[in-house]
Amino acid sequence: MRIKLAVLHLVVVALAVAQATTTAAAEGSSKKRPNILLILADNWRWPNAGILGDPLAKTPTFDRIAREGVLFTHTFNPVPSCSPTRACLLTGKYAHQLGERASLWSAFPQDTPVVTDLLRQAGYQTGFAGKGWGPGNFEVSGWKENPVGAKFENFANFAQQLDKSKPFFFWLGNTDTATRGGRHPYLETALAKLDANKLAVPKELPDCPEVRRDLLNYYGGIIKLDEQAAEAVHLLEKAGELDNTVVVFASDNGWQLPRGLANCYDAGSRVPLAIRWGRNLRPGHRVDDFINVADLGPTFLQIAGITPPKEMSMRGFRELLLGEKDPYSREYVFLERERHADVRREHQSYPIRAVRTRNFLYIRNLRPDRWPAGDPDVYFLHDRPYGDVDTTAVKDVLLAHQNDPAFQKYVSLIFAKRAAEELYDLHKDPDQLSNVAGDPSNAERLAVLRSLVQEWMKSTDDPRIDPDFEGFDAFRYYGTPPKSRP
């Protein structure tokens with residue numbers, strides 16, 4: 001039976017590729033199709049960009065792309081975890097439809113069409129630099145190279161070997177906004193180029209010197225991210241290819257500081273997005289519709305003249321980008337997560353299903369008996385507990401002051417167990433600090449959002465629709481194994 005299923009998957013992929021190649025040949029034969037450059041940051045949070053109103057964020061390249069193209073103001077990742085979001089983007093599917101790829105440090109089975117494969121089969125030259133799909137183990141699934149494509153040292157090396165008569169897709173994966181295991185490699189840059197007096201500490205974090213150093217280092221990383229993007233844009237401009245290139249500047253998920261990464265709050269889920277495409281777009285246009293980062297996958301296919309395979313659940317937004325009538329309603333976006341790091345006994349996940357609307361964030365914690373930040377008596381990396389919160393100076397401060405009344409609010413927000421349902425009124429509480437799910441005045445709103453999530457799970461064949469399903473916990477974790485308290 002497994003052999004028959006494997007053969008069937010290969011047939012499905014082959015038919016999708018054949019359809020894509022035929023469609024692209026028909027639609028793109030008269031002229032060179034546009035190039036696509038995806039600049040994908042790692043752990044860059046909305047609204048940390050100059051054009052989004054952050055006075056400390058120095059992002060002239062992102063700002064230029066937004067001014068000369070389209071700025072999207074409500075973009076969210078499908079999963080607040082890097083490799084699951086990247087898998088969703090590459091396959092055009094929700095994470096819960098991807099089996100083990102819903103979790104961090106997974107394998108990448110070859111059982112569904114992949115956007116970069118479809119582009120390559122349709123005549124696109126593909127490659128990436130920096131961080132592609134990952135972290136994970138694609139080799140164990142039979143891939144000879146990263147699912148994104150061949151790896152290059154940088155965009156310039158890729159450009160040198162291009163056939164100028166053919167279009168290209170390049171994935172530039174930057175990691176300068178990651179926390180680097182608690183180190184501060186960009187702090188000196190930040191102190192030299194930024195006015196530290198303009199630094200605003202988010203309400204979910206304590207205002208102390210350690211937090212300020214973490215934040216300044218993050219802003220220094222934003223400077224480096226934008227500089228690398230500038231190099232790629234300059235290279236395109238110099239080669240006369242900028243206006244025939246769709247330049248997409250985005251992030252895989254929110255920042256890596258506590259209550260960001262691995263959380264479905266805006267700090268972990270809402271990200272910047274700007275797209276430039278020469279004269280095809282109205283300069284300075286802002287789009288307030290809700291976009292899922294994984295919607296980029298089918299959008300890339302649409303831009304290349306390829307009809308997205310029917311099995312893709314994500315919705316391409318080429319029409320919306322071009323200012324045309326969008327066939328979809330985009331008034332909200334669904335969020336989810338399974339296992340981030342392997343930081344609970346028996347490899348347990350912390351499953352979440354959620355919906356973000358314009359006025360509310362509703363979160364359903366499917367296993368509220370578990371620790372959302374990881375078990376307090378399971379050590380992960382760097383000999384620290386609560387392993388779903390990555391190592392930073394602020395985490396160390398919070399752990400050192402767990403019993404200090406002055407820090408209790410922050411310790412509870414970041415490490416404590418959570419209610420089965422969370423509801424945040426974004427008009428009154430934009431920072432999402434006060435759960436009002438238990439307020440009787442919100443009962444009707446809660447029921448509507450609960451039903452919306454339930455219907456989404458049902459319509460997309462989410463295995464978690466069965467309340468007893470634990471299949472995601474059984475998938476192998478290929479990262480560093482955890483260790484119990486000594």
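Reader: Where is the place of Asn146?
Author: Asn146 lies in a loop. The model is predicted, with residues numbered from 1 along each chain as its sequence is written, and local features need pLDDT of at least 70. Side-chain atom pairs count only at pLDDT 80 or more, totals for chains, interfaces and linings use all residues, and side-chain values use heavy atoms, leaving out hydrogens and water. Helices (H or I, at least four residues) and strands (E, at least two) are DSSP runs numbered from the N terminus, and the loop of Asn146 runs between strand E5 (136-137) and helix H5 (155-160).

Reader: Does Asn146 count as buried or exposed, and why?
Author: Buried means under 20% relative accessible area, exposed over 50%, and partly exposed in between (1.4 Å probe, protein chains only). Asn146 has 8% relative accessibility, so the residue counts as buried.

Reader: Which backbone oxygen does the side chain of Asn146 reach?
Author: Contact means heavy atoms within 4.5 Å. Beyond four places in sequence, Asn146 is in contact with Phe128, Gly132, Trp133 and Phe138. At 2.9 Å, its side chain reaches the backbone oxygen of Trp133.

Reader: What stands opposite Phe128 in E6?
Author: Two strands pair if DSSP finds at least two bridges between them. Strand E4 (residues 125-130) pairs with E6 in the parallel sense over 6 bridges. In E6, the residue opposite Phe128 is Trp171.

Reader: How many residues of strand E6 are buried?
Author: Phe168, Phe170, Leu172 and Asn174 point one way from E6, and all are buried. Phe169, Trp171 and Gly173 point the other way and are buried too. For E6 (residues 168-174), the count is 7 of its 7.

Reader: In E6, what is the bridge partner of Ala41?
Author: Strand E1 (residues 35-41) and E6 pair in the parallel sense over 6 bridges. Within E6, Ala41 has as its partner Asn174.

Reader: Which strands stand at the edges of the sheet, and why is one side of each without a neighbour?
Author: The open sheet has 7 strands with mixed pairing, in the order E4-E6-E1-E7-E8-E2-E9. Each edge strand has a single partner strand, so one side is left without a neighbour in the sheet. These strands are E4 and E9 (285-292).

Reader: At about what angle does helix H7 run to E6?
Author: Helix H7 (residues 209-238) lies across E1, E6 and strand E7 (245-251). Axes are lines fitted to C-alpha atoms, for helices over the stretch in contact, and angles run from 0 to 180 degrees between N-to-C directions. H7 runs to E6 at about 160°.

Reader: What do the buried residues of H3 pack against?
Author: Helix H3 (residues 82-91) is mostly covered, with 10 of its 10 residues buried. The buried residues of H3 pack against E1, helix H4 (115-121), E6 and H9.

How values were computed: A polar contact is a pair of N or O atoms within 3.5 Å; within protein, one must be able to donate a hydrogen and the other to accept it, and residues adjacent in sequence count only if both atoms are side-chain atoms.
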